[in-house]
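Biologist: Can you walk me through this one? I'd like to start with a turn and then get to the charged pairs.

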Amino acid sequence: MKLLKLTLLTLCIGMTGCQSSTTPSHNDKVVETAHTFTADFTTEQEKHGEIYDFFDVAVRTEGGNPKSKPATFGRKAKVNKVRMLGGWYNQDLTGDTYIWDGEKYVYNFKAATDRIDSWLENDWDIFQIVLDNPPWAFQRGYTFVEQPDGIHYLAKDRVGVYGNGLPPKDAKAWHNYIRAFITHLVDTYGEKQVLSWRFRVGSEIDTRPQHWAATRQEFFEHYQNTVLAVKSVLPKAVIGTHFREATHKSKYIDYTGNTEDAYAPHFVSWTKQNNVPYDFLAISYYPHITHPHEMDMDEVYQKQIAPIIEHPDYNADARFEIHEYKFIVKMKRAGFVSVATSHNSAFFAMLSKMMLEKNIKDVYQWGNARRGSYSPEAMTQRALNDMVGNRFYRNTRSETRSERGNHIDGIFSQKPNNQDIDILMFSFNKDNMEYQKPEPIQLSLRVDKPAGTQFKYRVAQIDNTSNFDQLFFADHPKAMIPQSQGGWRKNDAHPTASATNALNETGLKVYKESLSKYGKINKLNWGEWQQGKTIADSNPAHSHVQIQKTLPSFAVQSYQIRW
C-alpha cells in the first residue's frame, strides 16, 4: 500500500511539472553535483561499432492477427511466425499440415501457405518461419504411460501447454515431410523469396514440458534431422534454434525419470562435435520487475548469455539473438502481465545499450502498439530508430549509480556524414521502483570543431506524461486504490501493471471510456531548439560540447545536437 501511495503521489507531481516532458533550459541551476558523462567523437579508438536495427521483428503465434500492426516507425512490419505447421493446443486439425485421413498420411501444406498469404496480403514481410510443434498425426503409434519407465512418453505430456511437444514418432517421415514442405514453399513463392526467410527449429525447447517433453539428446537429433531436410532443398537456407537462458533450471521429470537444465551450452558443444550447422542461436528474456537480479545488465550478460556465446565451441559466425522479450510483472499460463509504466521505457534503453555493446543482433517482441498508441518500450524504440546507422561511441560515467541507487547512463552516437550527434540518456533503478526527484547530469562531448563553434540542441523526454495508463491513473485516483479500500485496483495488482490487468470491472469501464481523451501517444515531444558554443580543448582542432540538464527517474531523454 505504501508503494501504491508513493507511486500515485509521484504521478500527480509529474502531471504538475516535476517530471514534465518540458525540457529544462540550458542554464538550469544544478544544486547537486552533476553526474558527468563524457564521450570522445574525435578518435576511431572510441568507436564501438554502428547502431543497428535490432527491434524490427514481431513474434506472432497461430492466433496472431495480421491486421494488428506493431510500432514500425515507417518500416515494413516483419513477423516471426510461431507454430506454422500445426500441432496446436486446441487440437484443431484443420491447421495441421500433416494429416492421418483414416487410411494414410497426407500433406496439407495449403493450411500453411494460407497463413503465410494472410501475412503477406496485410503488408508484412515473413522474417522467420518456426518449425516447432509437429502436427498431431506425428504422435500416431505412441503408447503413453502414467509413470516414467524410460521407454514411453508420459500421458500427461501428450498435450502440452502450447500443443504437441513430442518429437515425431517416425523420424524418417518427418524428414520427408519437411523436405516436401520446403519444396512446396519454393514452388509456391519462388526460391529467391523463400531464401529471404529464415527457419527456426523449435521454440524455447528446454522449457519442458511446455515446449518439449522429450530429452535433450532427442531434440539435438530432431534438430539435425530437420536441418538436413531443409538444406536438402535449400542448401543456403538460414536456420537455427531457440533455447532458454544459460541459468535456466528445471524441476520437470521426464519419461526417463531425469531432469535437465539449460540446453544451449550443451548444444554449442554437440554441434561442433557432430559438425551440425546453425546460423543463429537465440534465447528468451522475460525480466521480472520484482526480481532485481533479472534487471542487472551486467549480471544478465555474465550469467545468462556469456556461458553461451563465450563458450569455446560457439560458432563465431552465428548470430546471437533474443527471440522472445517482454518486461513483465509476472508470468501466467501461456502469457504474462507486462510492465506498462515509464519503468519499461527506461529499462528498454538500458537493455539496448547492453545489446549494442555485446553485439546481440535482435530482440523479437510481442505487441508493442494498441489503437495507434505505443507501449512504453516502443516509445524508446521510436527514439532509437532515429539513431540507426549512426556510429556508436563509448562513454565514461563519473558514477555508475547515484546516491539514490539510480543507474544513469546513455547511448552516444554520431551521424557518419555530418558529425551531428544523437544521444539517448536513461535512468533506472532495479532495487527501488518508486519515482524520485530528478537528478542533475552533465554531458561533455569532445568534437572535431574549434572552440567557440556554435551548436544547437533539443531534447525529447519519455516519462510518465508520455504514457496513457499513467495519465489515466493520475486523473483517476481510484485507479491506484485497492478495491478492498473502495478503489478500482485489484488487491494483488503491481503498481506498474497495465490498466487492463490491474483494474476491476468498474475501473476498466471508465478506462476504456477515457482513452480517447488522451489521443494517440506515438510521437516524441521535442523541446525548443537551444543554442550553445563549444569550449576549448588542449588541442586547438578540438573542443567540447557541454550541456547540463536534469534527468528524472525511470525516464529517457533523447538529445539531438546539430551544427
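Modeller: Start with the hairpin formed by β12 and β13, which has 2 residues between the strands. Alanine 334 sits in the turn and has a positive phi of about 55°. Keep in mind that this is a predicted model.

Biologist: In which sense do strand β12 and strand β13 pair, and over how many bridges?

Modeller: Antiparallel, over 4 bridges. Strand β12 covers residues 328-332, and strand β13 covers residues 335-338.

Biologist: Which residue in β13 is the bridge partner of isoleucine 328?

Modeller: Serine 338.

Biologist: New topic. How many salt bridges does a search of the whole structure find?

Modeller: It finds 29. One of them joins arginine 208 and aspartate 254, with the closest N and O atoms 2.9 Å apart.

Biologist: Where in the chain are arginine 208 and aspartate 254?

Modeller: In distant parts, 46 residues apart. Arginine 208 is in the loop between β8 (198-201) and α5 (216-233). Aspartate 254 is in the loop between β9 (238-242) and α6 (264-274).

Biologist: Are arginine 208 and aspartate 254 buried or exposed?

Modeller: Both are buried.

Biologist: OK. What do the side chains of lysine 353 and aspartate 409 do?

Modeller: They meet in a salt bridge, at 3.2 Å from N to O. This pair also links distant parts of the chain, 56 residues apart. Lysine 353 belongs to helix α8 (residues 342-358), and aspartate 409 belongs to strand β19 (residues 407-414).

Biologist: Why does lysine 353 count as buried?

Modeller: Because its relative accessibility is 6%, and the cut-off for buried is under 20%. Aspartate 409 counts as buried too, at 5%.

Biologist: Which residue forms a salt bridge with arginine 562?

Modeller: Aspartate 420, with the closest N and O atoms 3.5 Å apart.

Biologist: Last one. Which residues do salt bridges that share partners join into one network?

Modeller: Arg198, Arg319, Glu321 and Asp362.

Note on methods
Residues numbered from 1 in each chain as written. Predicted model: local features only at pLDDT ≥ 70, side-chain atom pairs only at ≥ 80, totals over all residues. Heavy atoms only, no water. Salt bridge = Lys/Arg side-chain N within 4 Å of Asp/Glu carboxyl O. Buried < 20%, exposed > 50% of the residue type's maximum accessible area, 1.4 Å probe, protein only. Pairing = 2+ DSSP bridges.
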